[in-house]
Amino acid sequence: MDVSAYERRIAELLPRFLTHLDSNPFSPTFGCMDRDWWHYKIQAFPSATYQQGVLVLAWLYRHGAPGIPAHSPEVLRAIAAALKFWAKIQHRDGSFDEWYPQEHSFVATAFTTHAVSEVWLELGNQITKSTGWSASDTLERAGEWLLRHDDLMLSNHQAGKIAALHNLSLFFPGGRFGTGARLALERLIKVQHPEEGWFPEYGGADPGYQSVTFDYLAQYFNRSRDDNVVLPLEKASYFLSWFLHPDGSVGGTYGSRNARYLFTHGLELVADRIPPAAAILDKMNLLGGEDLPWLPKGMDARYLIFFFLPNLLGAYEVRKERKEPHPREFFLEEATRFFEGAGLWVARRKHYYAVVNVRKGGVLRAHARERTGPGRLAVVDGGYFVRTRGSRVAASHALQVKPSRDFGYEAKELLPGKWKICCRAPFVWVKHFSPSPLRQALFYIFLVTVGRIPWVRHKLDAWLRNALVRRQIRAPYRLERTIVFSAEGVDIEDKITRSRRGARALSLGRANDHTSIHVPSSLQYSAADRWEGWGVEPAAVAEHLNQTGEATLTLHRDFLKSELESVETHETRPQ
């Protein structure tokens, strides 16, 4: 990509970032980046994850910005304040909180330790010389805590731990942190799918979070030169290469966590060593590198500060020095691949690009391709929502990890270039929790009393993950979906059935990129996805489902006609 594309986006995002920093040296919260806490005062504690923004301050110190000269003493003072604030909010056991007090969060500890260690490697001596303060004790306590904990359910968390521990091994003698990083890497490699290359996120594959895992492992390799991570990176980037959409976006509703973005810093770091990584960057440049469409324009402030902007700056740093990669042979115009372990069927054909996840009830994304330009988004279909009495909602797109009688699939090629995909999936009740003053008060009382006990804290973390993400309670509905792709278009036929004694449907609607699980970094606004093709079906559809126990709906999208001529039909047939 032309570095100017990076520069334009950075110039747009930096002022937003700086708004979130308490830059007043006379403030008791000087250096805090959680604006909800230090400025709005609507949160009862500061979330440690915001302090990852210290990476952005370090970049500002090196390069400056309009109105901020490079190597500014004021910026160095702000960096020191941010590090001191991070140290101030550390628990005695070395961990940090992200979402609630006494959380002792794995990801907050791993990611912030990595960010602080990166800055300390570069500027630690200067900060100690100018302030007399050192982050060493805080870093060591965080490292000791990480040595005792893993998170293999979310691979990107484990990858952050690996990169953090290796950085700490460069500070502290004895080899315990370096050994800990290598052992953590071995455990992570064991859960990577051996043939398909994806790292699990709640049991499934998610291209967006795959790029986060890749990013941390690439940073680990960049500092350690550990060849044991090269093959896993090659496999991971090859898998990732299949999910670059014709408009330059990546991921979405078909991923296990619905993440729709791509981290490019790690790809840039290892492009000269990992051929698929170089090919991804080259393809992204062709697909619309001028606009960086793989980064959500509607990103919220939280993920801007500690997620997207630090990664964007890291990618820009490397991109300025790296030569252009060459296109790689696996980017073929005509190619189809079924990653059966992940449940992801992907087709790159002459007239269309499509992804279907058969493990999520056949959710799909399809683009009509054109000879020039990115083509157009033909359909994003996230299955269905059904609303019943009592405002209960069921969804058909829950990830199915284990076999069951309500889950199955088949994908076969009918003719050259014509595919038929059939799948069935249960509806599950959507878990929706909204805070209230009473709930929050009781929760905080629990946290500052029995929540301080380690085993209680671990039970709470497991319960929250189960309640918000993993636990599936079957609803009395089932979806049977048949999808047929051809050069002309895509046809979807859905049969929704209701058990005889199941709750009556008040309404049902086709989902888009909406998710029914709690994924903080998902649902970043995109006008193309969030409103296209989604809506509540006519009331007659729900009534027909109630009376007969089933309803059939069809959808057709034409790949060959222009956007305005694309045909869409919805039909309910009596059974």
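**Entry 1: Leucine 438**

I began with leucine 438, which is exposed, with a relative accessible area of 59%. The cut-off for exposed is over 50%. I am working on a predicted model. Leucine 438 sits in helix α14, residues 437–448. I then looked for a patch around this residue. Leu438, Leu442 and Ile445 make a nonpolar surface patch of about 320 Å².

**Entry 2: Valine 379**

Next I looked up a residue in strand β5, which covers residues 376–381. Is valine 379 buried or exposed? Valine 379 is buried, at a relative accessible area of 4%. I also checked its distance to alanine 366. The two C-alpha atoms are separated by 5.3 Å, while the residues are 13 apart along the chain.

**Entry 3: Helices α5 and α6**

I turned to a helix pair. Two packed helices are described by the angle between their axes and the distance between the axes. Helix α5 spans residues 106–131 and helix α6 residues 136–147. Their axes come within 10 Å and cross at roughly 140°. Angles over 145 degrees would count as roughly antiparallel. α5 and α6 are therefore oblique to each other. I noted the hand as well: the crossing of α5 and α6 is left-handed.

**Entry 4: Salt bridges**

How many salt bridges does a search of the whole structure find? The search finds 23.

Glutamate 140 and arginine 176 meet through their side chains in a salt bridge, 2.5 Å from N to O. This pair links distant parts of the chain, with glutamate 140 in helix α6 and arginine 176 in helix α8 (residues 176–191), 36 residues apart. Glutamate 140 counts as partly exposed at 27% relative accessibility. Arginine 176 is also partly exposed, at 29%.

Arginine 319 and glutamate 268 form a salt bridge at 3.7 Å, N to O. Arginine 319 lies in helix α13 (residues 301–319) and glutamate 268 in helix α11 (residues 265–270), so the pair ties together parts 51 residues apart in sequence. I checked burial for both partners. Arginine 319 is buried, with a relative accessible area of 3%. Glutamate 268 is buried too, at 1%.

Arginine 481 forms a salt bridge with aspartate 494, and the closest N and O atoms are 2.6 Å apart. Here strand β10 (residues 474–485) holds arginine 481 and strand β11 (residues 489–498) holds aspartate 494, 13 residues apart. Both arginine 481 and aspartate 494 are buried.

Which residues are linked in a network of salt bridges? I found Arg62, Glu122, Glu317 and Lys320 linked in this way.

Technical notes
Residues are numbered from 1 along each chain as its sequence is written. This is a predicted model: local features need pLDDT of at least 70, side-chain atom pairs count only at pLDDT 80 or more; totals for chains, interfaces and linings use all residues. Side-chain values use heavy atoms; hydrogens and water are left out. Patches are made of residues with over 30% relative accessible area and no salt bridge: like charges are joined within 9 Å, nonpolar side chains (Val, Leu, Ile, Met, Phe, Trp, Tyr) within 5 Å. Accessible areas come from the Shrake-Rupley method with a 1.4 Å probe; for residues, only the protein chains shown count as cover. A salt bridge is a side-chain nitrogen of Lys or Arg within 4 Å of a carboxyl oxygen of Asp or Glu. Helices (H or I, at least four residues) and strands (E, at least two) are DSSP runs, numbered from the N terminus. Buried means under 20% relative accessible area, exposed over 50%, partly exposed in between (1.4 Å probe, protein chains only). Axes are lines fitted to C-alpha atoms, for helices over the stretch in contact, and angles run from 0 to 180 degrees between N-to-C directions. Angles under 35 degrees count as roughly parallel, over 145 as roughly antiparallel, 65 to 115 as roughly perpendicular and the rest as oblique. A crossing is left-handed if the near helix is turned anticlockwise from the far one by less than a right angle, and right-handed if clockwise.
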